[in-house]
Amino acid sequence: MAVLAQQIVNGLVLGALIGLIALGYTMVYGIIQLINFAHGEVFMVGAFGAHFLARYVLPEDVRWYVALPAMCLAAVAVSIGVAVAMERLAYRPLIGAHRLAPLITALGVSILLQEVVRVFYPGATAPLAFPRMFVEGHLAIGPVTILWTGVLALAVAPLLAAALHIYVERSRLGRAMRATAQDPDTARLMGISPNRVTLATFVIGAGLAGVGAVLYGIHYTQIDTAIGFQNGIFAFTAAVLGGIGSIRGAMLGAFCIGLVKSLAGQYVWGGVQYDYVWVFVLLILVLMFRPQGFLGRPEGMRA
Amino acid sequence: MTLTAERVSMTFGGLVALDDVTLAVPGNRITGLIGPNGAGKTTLFNCLTGLYAPTSGRILLDGRPLAADPAQAMRGGVARTFQNIRLFPGMSALDNVLVGRHTRIKQGLLAALLHGPGFRKSEAAATERARAELEFVGLGPEGHMPARSLAYGDQRRLEIARALAGDPAVLMLDEPTAGMNGTETADISALITAIRDRGIAVVVIEHDTKFIFSLCDHVYVLVRGRMLVDGPPATVRTDPRVIEAYLGATECSK
């Protein structure tokens, strides 16, 4: 029982972190029907941005309540910067091109970013230790323990997802996003600029990925240039599982994936070496019976 | 405000869709635009709403040139509805109207994310205005319904409410009664008159000449890309050129 409860908690924490990435996939897809495979790398560069600040800028004895917000800001800034450059330089010139062109471009951008960080970031050819923050402490509920970093992830991710949901439902930009997702031509005739909506979508997705990157770093205490690819694949799967284009679906899908990976690693033959497999088995099963995902609807982003 | 087309011509390849067309739409008036199929009505409409840039000639709003960009035309005060309804089907009626108000809402991204008082005030004001427009077109209780589940006639009204929410000086209606029965058409007539009484210039394209002659203050007749005649309905409907070119003898005798 204790092991089961512990694995459920571990799975939920992983799900929360994946969810913050999945929101970016689902939103961009909702607006421009592009699977932005480089979104995982937006998350990865955020982690390195925070690492850079902590390792090279902040003093050694800085307190966590200063360091953590500062690292979040750095990660969000780097993630947004990269996402904006990517949208401007790689995707916008391809508006109107064949659907495959931006998809292949996304894969190219993904590889490019991984290699650039690996080659130019000091020591990034090997995994880097992420600053440890209040990791010694943990919350104990009966036999189950949760690191404070995990508690933080479990609190922050759903909170940000809910804020995003409210924002999309009840703001000028949110309405513009939904209108553009449903009918970009008519939205344009209403005075909505598709370029600005697209850019804003990339910015919001990148901001969430940046926060996710810091939470990921302090929880697993180690980053490398491949974390974007690995978690990006899970996040993309979560977005598809939940119904791509749906904000709530992305979070739901992410928690499912976290749980399946964690529980399969514990209980299913093959253990943690095969836990990836069961995530994709789940995806295939769901898509067989419900191709639009849990909460997916045909008309695009409806949170 | 006055919207004018000054000697507008429009050619598509070798095809002349509009040939030296001049028209003026003053505020406080309902202006009708009629003509047989293929006369160039919709082309002229698209020029007046900034969708097309005329090959020659100018579109002026209160003497200033109107940009050939629908978003800017909208900001300038020219709103429209569509011949084929173009609502956002999955969004609520209220949200559709709020999208129509998009260009009039000022909200910073940061203020919105922080849900500050300025943001809440701007949302509340926009929502109140949108509800008032729904009320105005007779859809007060339907605000929460997805646009796609409204009845056909109500969808046309919703498009009008959405257009009105953008504070237009000129409202362009492209066949507002297409596919409607007699009662619904009479309701739309009353609605259009009420819009004019708000001081908004209304332009209506229609095939239904009876509807146009009973509703409009001034009627333009477009035939094969040329402006054949214009004037008050009483004059236009008895003009022999109009009867010959467009109405036909039987229609006139009614």
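Tutor: Let's start with Asp167(B), which is partly exposed because 15 other C-beta atoms lie within 10 Å. The scale behind that label counts other C-beta atoms, placed from the backbone, within 10 Å of a residue's own: 20 or more is buried, 12 or fewer is exposed, and anything in between is partly exposed. Keep in mind that this is a predicted model, where local features need pLDDT of at least 70, side-chain atom pairs count only at pLDDT 80 or more, and totals for chains, interfaces and linings use all residues. As for names, residues are numbered from 1 along each chain as its sequence is written, while chains are lettered from A and ligands numbered from 1 in the order in which they are written.

Now look at the backbone of Asp167(B): its phi is positive, about 55°, although the residue is not a glycine. Most residues other than glycine have a negative phi. You will find Asp167(B) in the loop between helix H6 (152-164) and strand S7 (170-174) of chain B. Helices here are DSSP runs of H or I with at least four residues, strands are runs of E with at least two, and both are numbered from the N terminus.

Arg7(B) is another residue with a positive phi, about 45°, that is not a glycine. Arg7(B) sits in strand S1 (residues 3-12) of chain B. With 13 other C-beta atoms within 10 Å, Arg7(B) is partly exposed.

Next, find Asp239(B), in the loop between helix H9 (233-238) and helix H10 (240-247) of chain B. It has 19 other C-beta atoms within 10 Å, so Asp239(B) counts as partly exposed. From C-alpha to C-alpha, Asp239(B) and Val229(B) are 8.4 Å apart in space, and they are 10 residues apart in sequence.

Let's turn to a helix. H1 (residues 41-48) of chain B is largely enclosed by the rest of the structure, because seven of its eight residues are buried. Those buried residues are Lys41(B), Thr43(B), Leu44(B), Phe45(B), Asn46(B), Cys47(B) and Leu48(B). After H1(B) comes Gly50(B), with a positive phi near 80°.

How many residues does chain B bring to its contact with chain A? Chain B gives 21 residues, and chain A gives 20. Residues are in contact here if their C-beta atoms, placed from the backbone, lie within 7 Å. On the side of chain B that touches chain A, the elements giving two or more residues are H2 (70-76), H3 (93-100) and H4 (109-114) of chain B. That side divides into 12 nonpolar, five polar and four charged residues. In this sorting, Ala, Val, Leu, Ile, Met, Phe, Trp, Tyr, Cys and Pro are nonpolar, Asp, Glu, Lys and Arg are charged, and the others, Gly among them, are polar.

Finally, look for Val204(B). Together with Ala75(A), Val204(B) has the most contacts inside the largest nonpolar core, a set of 167 residues. A nonpolar core joins buried Ala, Val, Leu, Ile, Met, Phe, Trp, Tyr and Cys residues through C-beta atoms within 7 Å. The element that gives the most to this core is helix H1 (residues 2-32) of chain A, with 17 residues.

Methods: Two residues are in contact if their C-beta atoms, placed from the backbone, lie within 7 Å.
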